[in-house]
Amino acid sequence: DYDKAIEIYKYVLIRYSDNDIAVEYANAYLGDIYLTLRQLNLAENHIKKAINCKPDKPDYHYLLGFIYSIQSQWGKAVGEFEAAVGKEPNNSEYLRGLGWALHRAGDKAKGLNYLHRAIDLEPTNVDILNDLAAAYLSGLQFDKAREYAEKAMRIAPDSNVARDILDNIDRFQGDLGQLGEA
């Protein structure tokens, strides 16, 4: 029950406003709840407050990077993911976030490098596999895109993202084939 949780954390912020740890965690949890609810301005506000309490906590930078990614603010996302990776350089999820943000910001080679570092750490992570497939698809590297999407489908047969990527590969290849025949 998100409404109840929000109410409780807001109470904690008022009741324990002089307790730095309580304020940090209440803001972090509120930020996470608002992110889940896709209330991104509120999520950003509370995550930034949590960062102000504990600037070197990588989880908070990751969450803020995720918020910026949803908003397609790729430069800001890259900065936050870099802060998270700087604290935990072998965290596959932080590397994935950084890789995807870099790729979307236009630094495709560097983005792919981070995505490959992430998959090396966690070879069966469907999210990383899907990001790699999508990244290669955007570069019209159909064989590599298909390889990663099919691996994601083997691991998670119900993955709608992997299925959509495979469908897009087929569609794009078909469209390009028709252009070549014209």
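## An all-helix model, from first helix to pocket

In helix H1, the buried residues are Ala5, Ile6 and Val12. Those three residues cover an arc of only 120 degrees around the axis, which puts them on the same side of H1. This is a predicted model, and the points below take you from that first helix to the whole chain, then on to a pocket and a loop serine.

**Helix H1**

- H1 runs over residues 2-15, and its 14 residues should span 20 Å at 1.5 Å a residue. The C-alpha atoms at its ends are 20 Å apart, so the model agrees with that expectation.
- An α-helix has 3.6 residues a turn, so residues three or four places apart point the same way.
- What do the buried residues of H1 pack against? Their partner is helix H2, residues 20-36.
- Turn to the other side of H1 and you will find Asp3, Glu7 and Ile14, which are exposed.

**The protein as a whole**

- Taken along the principal axes, the box filled by the C-alpha atoms is roughly 70 × 35 × 30 Å.
- The protein has 182 residues, and 42% of them count as buried.
- If you look at contacts between residues at least 6 apart in sequence, 43% of these join residues at least 24 apart.

**The largest pocket**

- The largest pocket holds about 160 Å³ of space.
- Which helices each supply at least two residues of its lining? They are helix H4 (58-70), helix H5 (74-87) and helix H6 (92-105).
- Sorted by class, the lining has six nonpolar, two polar and four charged residues.

**Serine 159**

- Where does serine 159 lie? Look in the loop between helix H9 (142-155) and helix H10 (160-181).
- Is serine 159 buried or exposed? Its relative accessibility is 11%, and because buried means under 20%, serine 159 counts as buried.
- Leaving out residues up to four places away in sequence, serine 159 touches Val126, Asn130 and Met153.

Definitions and conventions. Residues numbered from 1 in each chain as written. Predicted model: local features only at pLDDT ≥ 70, side-chain atom pairs only at ≥ 80, totals over all residues. Heavy atoms only, no water. Helix = DSSP H or I, 4+ residues; strand = E, 2+ residues; numbered from the N terminus. Expected span 1.5 Å × (residues − 1). Buried < 20%, exposed > 50% of the residue type's maximum accessible area, 1.4 Å probe, protein only. Arc of directions from axis to C-beta. Contact = heavy atoms within 4.5 Å. 1 Å grid on protein atoms, 1.4 Å probe; cavity = no way out; pocket = protein on both sides within 12 Å on 5 of 7 lines; lining within 4 Å. Points joined across faces, edges and corners; volume = space filled by probe spheres on them. Nonpolar A, V, L, I, M, F, W, Y, C, P; charged D, E, K, R; others polar.
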